[in-house]
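Here's a quick briefing to read with the model open beside you. Take the topics in any order you like.

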Amino acid sequence: MNYPDRIHYIHEVDNPWLTNLLDSYAVCDRELEKEVAREEKSRGVKVACAKGCYYCCLTHDIPVSALEALGISWYLNRIMDTALREMLLERFRQQEGYSGCPFLADGTCQVYPVRPLACRQFLVYETQCKPDDSDPFFSRPRDMHPRDSSRLFKVAMHLLDNPVYNLADDKEKIAAYRDGIMHKSIPGMHEIDWVGFSEMTAGQLF
């Protein structure tokens, strides 16, 4: 299913995996919007996350699946401003000058439209994170947006339609989900050779 209210890109015409990935992100975002509305009403406070708030991005173990990494590589190669892309790639080559997520620059996520599910679902209420509070999951768990198994399952069932998984039907998707396919071989953002990965995928898939 295509989601007309999200941004669409010309590259989707020849890359069905990309349409599926972006639609899956739209599914996640829609479900979260509904959940957040309920939580804000119940708690009597608002989600604290906003533009310019990035301390949660400073953790070094942001998980990203191979498919999500492919989406980031596409964005890096085909959508990102050339000067910004070259700056990031040079920083990756030097392996210095940044902490936390490698795509955080000037306090801003430079791949925000294709940020991973882990980032999209990491929300806190009432007060923003502080420099010494980059992981509120441990420091103030009650302020975290709750894990919702129905949302996770719905997003997974959509994402597992992606041709890269080669699953024939819902039965295979459910079996793969229960077997943990969504969490197998998921590295941290820092563990990926983004220079090598972007060069390899640019010539093969988009």
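This is a predicted model: local features need pLDDT of at least 70, side-chain atom pairs count only at pLDDT 80 or more; totals for chains, interfaces and linings use all residues.

**Aromatic pairs**
- Tyr 177 is likewise partly exposed, at 25% relative accessibility.
- There are eight aromatic pairs in the structure.
- One of them joins Phe 103 and Trp 194, edge-to-face, with 4.9 Å from centre to centre and 80° between the planes.
- That pair bridges distant parts of the chain, 91 residues apart: Phe 103 is in the loop between helix 3 (82-94) and strand 1 (104-105), while Trp 194 belongs to helix 8 (residues 194-202).
- Phe 103 and Trp 194 are both buried.
- Phe 153 and Tyr 177 make another pair; their ring centres are 5.5 Å apart and their planes sit at 75°, so this one is edge-to-face too.

**Charges over rings**
- Arg 43 has its charged end over the ring of Tyr 125, 4.2 Å from the ring centre.
- Over the face of Tyr 112 you'll find Arg 115, at 3.7 Å from the ring centre.

**Helix 2**
- Helix 2 (residues 66-79) has 14 residues and spans 19 Å from first C-alpha to last, close to the 20 Å expected at 1.5 Å a residue.
- Helix 2 is mostly covered, with eleven of its 14 residues buried.
- Among the buried ones are Leu 67, Glu 68, Trp 74, Tyr 75 and Asn 77.
- The buried residues of helix 2 pack against helix 1 (16-43), helix 3, helix 4 (117-120), helix 6 and helix 8.

**Positive phi angles**
- Most residues other than glycine have a negative phi.
- Asp 106 has a positive phi, near 55°, and is found in the loop between strand 1 and strand 2 (108-109).
- With 80% relative accessibility, Asp 106 counts as exposed.
- Glu 126 also has a positive phi, near 75°, and sits in the loop between helix 4 and helix 5 (136-139).
- Glu 126 is exposed, given its relative accessible area of 53%.

Conventions. Residues are numbered from 1 along each chain as its sequence is written. Side-chain values use heavy atoms; hydrogens and water are left out. Rings of Phe, Tyr and Trp (its six-membered ring) pair if their centres lie within 6.5 Å; planes under 30 degrees apart count as stacked, over 60 as edge-to-face and the rest as tilted. Helices (H or I, at least four residues) and strands (E, at least two) are DSSP runs, numbered from the N terminus. Buried means under 20% relative accessible area, exposed over 50%, partly exposed in between (1.4 Å probe, protein chains only). A charge sits over a ring if NZ of Lys or CZ of Arg is within 6 Å of the ring centre and within 35 degrees of the ring normal. The expected span of a helix is 1.5 Å times one less than its number of residues. Contact means heavy atoms within 4.5 Å.
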